[in-house]
Amino acid sequence: MSKAAKRAIFILIIANFIICLGMSLVIPVEPFIKNEYHLTTAQMGTMTSLYALAQFIGSPIVGRVSDKVGRAPILAGGLILYSVSEVMFAASNALLLFDVSRLIGGISAAMVVPTSMAMAADLSSSEQRAKVIGLLSAAFSGGLIIGPGIGGALAKFGYKTPFWFAGALGIIAVIFFVVGLPKHIKQTGSSNAVMEEVHITEKGLKSILNGAMVALFAMILISSFGLQGFESIYTIYVNQVFHFTLDNIAIVLIINGMISLVLQVVFFDWLVRMRGELGLIRDCFILSSICIVWILFAHTKIEVIIATLVVFCAFDVLRPAITTLLTRFGKNNQGLINGLNMSLTSVGNIIGPIFSGILMDINPHYPYSIVAIILLFSAFITFVVRYEMRHTKGVKSDE
């Protein structure tokens, strides 16, 4: 890898770290924004869904455009839009403007995250690619881990302060990217990279949609609905029901980030070897369902914190386990399979927050009661997946 390529990848890592830091800064203040502007939980859920919807619609469009005009302009534009969305949210005091801000934020995420991955792939060889993508993923995780603590500290100066700070970070990321990126890389499109186009054709779908894959996709869709149903209202729920302060929320999110990072980096491979992907997925569903029920019946903050950490860590192990399991199917169709995985997950990210928000406005305990049932049902589906895998030619079950 040339020095220019290494420098470009380093800049991508820093820019993505800054963006993820900015994104996570605002997590602890969500319930306090809700209270300050007298918003319903359904309205807060809609904001989250609009972000996911814009990202869902924008990602394939952005991918096509970046193939034609190059990665650098799309990345620079995405960083600028990110800053605009955060500043707009900070300056707004009306629901419509909050929603527009989240839509812009979703578009910026669609421009930054997949394009940065694509540029990193363009600049690295096939032998180096896994390491480079791993470094970018570590930048994402690092930003998400550090952000909530900083956001909680900044919010003491005002609930909008983290949004202003995030907007400023976006501007810094733009400057860092534009000034630091080598000139010849800015002017290079994707023509020098080995690109794999994925066409979701009738033939392609028929080649992968066996019984095991249909069952697995059903599990992904149902579980993503449940996962997002839990995560999207968590800070609002613990603030409203258990009176968690800003500091309480920030501490929980920081501890969770640290534990999850260790689980993914140090213990994930060991867990997969011990339980197999499908067994690990089932364990995570069952464990998270039990701990959500524990949260519903908890009487102290300590109980809620312990149960929360178990749930979030289970989710953080569950997602890569599902991705790993998908590699067992159709080696020649991995692009198509992972594309469908992302699409189904996005549907859950769009519907889950609205569903949970509406239910929470009726009764704060309703959404988590249903989420616990959904996750338990998802655990049951893993037995169907196992059965189908054992009876599907060319697919080896891990149990």
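A residue counts as buried when its relative accessible area is under 20%, as exposed when that area is over 50%, and as partly exposed in between, with a 1.4 Å probe and protein chains only. By that rule D283, at 29% relative accessibility, is partly exposed. Before we go on, note that this is a predicted model, in which local features need pLDDT of at least 70 and side-chain atom pairs count only at pLDDT 80 or more, while totals for chains, interfaces and linings use all residues. Residues are numbered from 1 along each chain as its sequence is written, and side-chain values use heavy atoms, with hydrogens and water left out.

Let us stay with D283 and its partner. R275 forms a salt bridge with D283 (a side-chain nitrogen of Lys or Arg within 4 Å of a carboxyl oxygen of Asp or Glu), and here the closest N and O atoms are 2.6 Å apart. R275 is also partly exposed, with a relative accessible area of 36%.

This pair is one of four salt bridges that the structure holds. Another joins D247 to K156, with 3.6 Å between the closest N and O atoms. Because D247 lies in helix 12 (residues 246-297) and K156 in the loop between helix 6 (126-154) and helix 7 (161-180), the pair ties together parts that are 91 residues apart in sequence. Helices here are DSSP runs of H or I with at least four residues, numbered from the N terminus. Of the two partners, K156 is exposed at 59%, whereas D247 is partly exposed at 37%.

A further salt bridge links E231 and R319, whose closest N and O atoms are 3.0 Å apart. E231 sits in helix 10 (residues 211-231) and R319 in helix 13 (residues 301-326), so this contact ties together parts 88 residues apart in sequence. Both ends have values to look at: E231 is partly exposed at 25%, and R319 is partly exposed at 33%.

Now turn to helix 7. Its 20 residues reach 28 Å from the first C-alpha to the last, close to the 28 Å expected at 1.5 Å a residue; the expected span is 1.5 Å times one less than the number of residues. The buried residues of helix 7 include P162, F163, A166, G167, L169 and G170. An α-helix has 3.6 residues a turn, so residues three or four places apart point the same way.

Finally, find P73 in helix 4 (residues 71-91). P73 is partly exposed, at 44% relative accessibility. From P73 to M111 the C-alpha to C-alpha distance is 9.8 Å, and 38 residues separate them in sequence.

Notes:
Helix = DSSP H or I, 4+ residues; strand = E, 2+ residues; numbered from the N terminus.
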